[in-house]
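Have a look at the sequence and the model below, and keep them open while you read.

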Amino acid sequence: MYSLDNLQRHLDEGGFDHQLSLIHSQKRLTESKNRLARLIRRMENSFSSKTAGIASSPGRTEMGGNHTDHNHGHVLAAAVNLDCLCVFSPSETTEVTILSENYDRSIVVDISETTPLDGEEGTSEAIVRGVADGFRKAGFIISGFNACVCSTIPAGAGLSSSAAFEVLVGRIFNYLFNENKISELDIARIAKRAENIHFAKPCGFMDQMACSFEGILSIDFNNPDSPGITRVEPGFEQNKDSDDFFGTGYRLCVVDTGGSHADLTPDYAAIPKEMFLAANCLGRNEARGLSVDDVLENIPSIREKIGERAILRLLHFIGENERAILQAKALQKGNINEFLKLVADSGHSSSHLLQNCYSNSEPTSQPIPLAIYLTELMLKENGVARIHGGGFAGTLQAYIHNSCFETYQKYMKNIFGPTSVIELSLRQPGNEFLTIETEAGI
């Protein structure tokens, strides 16, 4: 913890520049410093605390493994430079009070009561209460704190704004009351539990894992409660500090096409259900472990029992599960061409086999297929695109050569809106809390 005066002085003198550049990228440094200055100022004006800490929790992007985690498969995911940035301090009560630049109202939760409350589902208060409940049930210490938060993660764009907030709250409880000894996996588990039980959203585990561990992760969900984690270190020889994709000459972005996520729960739920049912036809409890030959040899019986779409979705899982592993290997070898080919293959599989690019309940609304087609038409050999996240509405992911990015960005914004193209860089672990490395900062 540092005095607010010393935090502001260190910021003014450029003392946080390196850390902020690592977290948010060099091109966002001015924006980052302005955000942090506002948060320090608001903390000083809103609470009586004279000392505070600074925490950050990232959003995430799914790089490979579309709808594989729920059938015990592999996923390739990474933390990104968009984040929840926070100035925080302990309070003398059992209340957590969070002032957010992204909301008009304060988030106030008395964590002396942490059981789920009727009517609180789907709110920020539910997340805070749920994380506190998870800490308490795991035997960890919780108490009240005050915080000022600013998030650059757009809600509904498939970048896990809720998981980032859950992990942020967990990091603050860990730092203030548990000597920062709680593992990334435990924080991710608690965050997922809060979203499932208190927030009442039946999400998987990938989002919280990627936000908590950071870096690029190859995640094996063979044991869903304790996934295997391999940190992927890209083997590109070029400048890894570059704002493009590890200095490869490509830029990473997502395009938020603006499709509505309302009433899509049946579409999402049907995917794992159909994969499970198809696997059951082959004597398995999940899709993992099946081969393409296993499916092809049994198409007549699967088709008769549950129909053709389940067969196609099972075939998607088998191919996508293998692709997620191969993508991680391509990154480790520094083979950008092989990596991009696998990204394109993933997109085609999601479109043709998984069929999560638009909802059958709204067949005339197809922004994702339109965006993917326009991307392929414009970029040709200069980039690739795929569905990002759950699908049916919302977001595609694209890797675009630097020579085309500005033109592509302008074109897509003209169609899908001025904030639709969200450029990303990947965030490495190690800067969850900003520090002052001098005695004067204490």
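Ala-200 counts as partly exposed, because its relative accessibility is 45% (buried means under 20% relative accessible area, exposed over 50%, partly exposed in between, with a 1.4 Å probe and protein chains only). You'll find Ala-200 in the loop between H6 and helix H7 (206-213). Its phi is near 65°, a positive value in a residue other than glycine. The labels H and S stand for DSSP runs numbered from the N terminus: helices are H or I runs of at least four residues, strands are E runs of at least two.

A word on the ground rules. This is a predicted model, in which local features need pLDDT of at least 70 and side-chain atom pairs count only at pLDDT 80 or more, while totals for chains, interfaces and linings use all residues. Residues are numbered from 1 along each chain as its sequence is written, and side-chain values use heavy atoms, with hydrogens and water left out.

Asn-180 has a relative accessible area of 38%, so it is partly exposed.

Now for two helices, set side by side. The expected span is 1.5 Å times one less than the number of residues.

| Helix | Residues | Length | First to last C-alpha | Expected span |
|---|---|---|---|---|
| H3 | 29-46 | 18 residues | 26 Å | 26 Å |
| H4 | 124-137 | 14 residues | 20 Å | 20 Å |

How many of the residues of H4 are buried? The count is 12 of 14, so H4 is mostly covered. Among these buried residues are Ile-127, Val-128, Val-131 and Phe-135, but also Glu-125, Arg-129 and Asp-133. Their cover includes strand S4 (95-100), strand S5 (107-110), helix H5 (161-177) and helix H6 (184-198), where contact means heavy atoms within 4.5 Å.

H3 has its own buried set: Leu-29, Ser-32, Arg-35, Leu-36, Ala-37, Leu-39, Ile-40 and Met-43. Helix H1 (4-12), helix H2 (17-24), S2, S3, S6 and strand S13 (433-434) are included in what covers them. Take Ser-32 from that list: it counts as buried because its relative accessibility is 1%. Leaving aside residues up to four places away in sequence, Ser-32 touches Leu-20 and His-24.

On to the strands. Strands of a sheet pair through backbone hydrogen bonds, either parallel or antiparallel. Here two strands are called paired if DSSP finds at least two bridges between them. Strand S3 (residues 74-90) has 16 of its 17 residues buried, so the rest of the structure largely encloses it. S3 runs antiparallel to strand S2 (residues 51-64), joined by 10 bridges. Seven bridges tie S3 to strand S6 (residues 145-151), also antiparallel, and five link S3 with strand S7 (residues 216-220) in the antiparallel sense. Val-87 is a handy landmark in S3: it stands opposite Ile-54, and its bridge partner in S6 is Cys-148. Ala-77, meanwhile, has Leu-217 as its bridge partner in S7.

There's also an open sheet of four strands, in the order S10-S11-S9-S12, with antiparallel pairing. Strand S10 (383-387) and strand S12 (421-424) each have a single partner strand at the edges, so one side of each lacks a neighbour in the sheet. Neighbouring strands of this sheet are turned by 25° against each other on average, direction ignored. Inside the sheet, strand S9 (residues 250-256) and strand S11 (residues 395-401) run antiparallel and share seven bridges. Leu-252 has Tyr-399 as its bridge partner in S11.

Last stop: a helix crossing. The axes of helix H8 (residues 265-281) and helix H11 (residues 308-333) come within 8 Å and cross at roughly 95°. That makes H8 roughly perpendicular to H11 (angles of 65 to 115 degrees count as roughly perpendicular, under 35 as roughly parallel, over 145 as roughly antiparallel, the rest as oblique). Axes are lines fitted to C-alpha atoms, for helices over the stretch in contact, and angles run from 0 to 180 degrees between N-to-C directions. Ala-270, Ile-271, Glu-274, Met-275, Ala-278 and Ala-279 in H8 meet Arg-309, Ala-310, Arg-313, Leu-314, His-316 and Phe-317 in H11.
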